[in-house]
Amino acid sequence: MSEKTMNVYEKLQAIQTELKAPKGQFNKFGKYKYRSCEDILEAVKPLLAKYGCSLTIEDAIEQSGDRYYVKATAIFRTIPGIDSKTSVIRITISSVLPPK
């Protein structure tokens with residue numbers, strides 16, 4: 001299937017299948033390797049270009065009761081002109097911030 005006839009979900013699946021983001025960071029305290037958000041974003045950029053898509057990440061601090069959360073939203077879009085219309089997928093992840 002050519003990139004121009006794939007729908008947004010097929011493009012996302014293809015990018016997830018092809019994405020290789022090595023663990024380029026090392027935690028000295030825990031003695032383990034990990035990949036940072038920046039490592040993943042650098043690895044995904046060529047695939048986004050290949051499939052005519054964009055990825056933006058927005059984050060916000062939110063409070064629920066006495067807890068604060070970081071709410072991160074990844075927005076995956078097809079680029080207009082590649083498809084007949086723009087398609088958008090939103091993925092939201094929240095994590096608890098430790099108390100001050």
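These are my notebook entries on a predicted model of a protein.

**Ground rules.** I number residues from 1 along each chain as its sequence is written, and side-chain values use heavy atoms, with hydrogens and water left out.

**Entry 1: the overall layout.** I looked up the secondary structure and found two helices and five strands. Both kinds of element are DSSP runs numbered from the N terminus: helices are H or I with at least four residues, strands are E with at least two. From the N terminus on, the order reads α-β-β-α-β-β-β. Of the 100 residues, 21% are buried (buried is under 20% relative accessible area, exposed over 50%, partly exposed in between, with a 1.4 Å probe and protein chains only).

**Entry 2: the helices.** How do H1 and H2 pack? Their axes lie 10 Å apart, at an angle of about 145°. Axes here are lines fitted to C-alpha atoms, for helices over the stretch in contact, and angles run from 0 to 180 degrees between N-to-C directions. On the H1 side, Lys11, Ala14, Ile15 and Glu18 make the contact; on the H2 side, Val44, Leu47, Leu48, Lys50 and Tyr51 do (contact means heavy atoms within 4.5 Å).

**Entry 3: the core.** I then listed the largest nonpolar core, which has eleven residues, including Met6, Leu12, Cys53 and Phe76. Such a core is a set of buried Ala, Val, Leu, Ile, Met, Phe, Trp, Tyr and Cys residues joined through side-chain atoms within 4.5 Å. Val44 is one of its members; leaving aside neighbours within four places in sequence, Val44 is in contact with Ile15, Leu19 and Leu55.

Entry 4: Strand S3 (residues 53–64) and strand S4 (residues 67–78) run antiparallel and are joined by twelve bridges; two strands pair if DSSP finds at least two bridges between them. Glu62 stands opposite Tyr69 in S4. Two residues sit between the strands of this hairpin, and Gly65 takes a positive phi near 65°.

Entry 5: I picked Ile57, which is found in strand S3. Not counting residues up to four places away in sequence, Ile57 touches Cys37, Leu41, Thr73 and Ala74. I also checked Ile75: 18 residues separate Ile57 and Ile75 in sequence, and their C-alpha atoms are 6.2 Å apart.

Notes:
This is a predicted model: local features need pLDDT of at least 70, side-chain atom pairs count only at pLDDT 80 or more; totals for chains, interfaces and linings use all residues.
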